[in-house]
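Dear colleague,

Please find the structure below, followed by a short account of what was found in it.

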Amino acid sequence: MFLFRDIFFWNSKPWENYFGDNIMIYSKRLMELRENSELKQYEIAKILNIYKGLYNQYETEYEIIPIKHLNTLANYFDVSIDYLFGLNDKLNYKNSNCEIDAMKVGERLKEFRKENKLTQEKLAKILNMARSALANYERGRNIIATPFLYTICTRYNISADYLLGKINNPKYLK
């Protein structure tokens with residue numbers, strides 16, 4: 001079947017057109033963890049309660065994996081989100097929380113923004129997003145989207161696990 005999106009995004013990942021050079025690298029680590037555990041893609045898809053084809057798109061980074069699925073896989077494989085993002089090579093942190101609380105994420109995001117003397121407008125511009133969406137993240141109405149979290153972590157060298165409330169230390173990565 002021929003689709004218009006195949007012309008527009010031919011030989012590309014759809015989100016690359018929006019996020020430019022800020023390419024996430026979780027797919028390699030997801031594939032390594034899955035293969036080292038001798039699991040098939042359909043088995044991981046079953047854990048996430050999604051179709052195998054969608055998981056394949058996550059693993060190839062054709063689609064962006066949502067934080068809730070990334071967290072489920074981090075918990076399943078007992079690794080940190082920092083590890084999956086390639087922010088460090090430390091597999092996991094002691095006393096890591098399994099659950100992500102939107103309110104805690106919002107508080108930490110706001111704390112981070114203020115520590116770095118950023119207004120909502122300025123951070124929203126850096127992330128190429130609407131200020132109102134950032135405000136909703138800070139109010140705990142939504143969990144921050146994966147590419148925005150990744151951009152903050154790579155640009156400011158801050159732990160994704162910290163921002164997501166999974167750990168209290170380390171806050172900043174070396």
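**Fold and charged pairs**

The protein chain has 12 helices and zero strands, where helices (H or I, at least four residues) and strands (E, at least two) are DSSP runs numbered from the N terminus. This is a predicted model, in which local features need pLDDT of at least 70 and side-chain atom pairs count only at pLDDT 80 or more, while totals for chains, interfaces and linings use all residues. Residues are numbered from 1 along each chain as its sequence is written, and side-chain values use heavy atoms, leaving out hydrogens and water.

Of the 174 residues in the protein chain, 47% are buried (under 20% relative accessible area; exposed means over 50%, partly exposed in between; 1.4 Å probe, protein chains only).

The structure holds seven salt bridges, each a side-chain nitrogen of Lys or Arg within 4 Å of a carboxyl oxygen of Asp or Glu. One of them pairs D89 with R29, with 2.5 Å between the closest N and O atoms. D89 lies in the loop between α7 (81–85) and α8, and R29 in helix α3 (residues 26–36), so the pair ties together parts that are 60 residues apart in sequence. D89 is exposed, at 64% relative accessible area, whereas R29 is buried, at 15%.

In another salt bridge, the closest N and O atoms of E111 and K171 are 2.7 Å apart. E111 belongs to helix α8 and K171 to the segment after α12 (160–163), 60 residues apart. E111 is partly exposed, with a relative accessible area of 33%; K171 is buried, at 16%.

Yours sincerely
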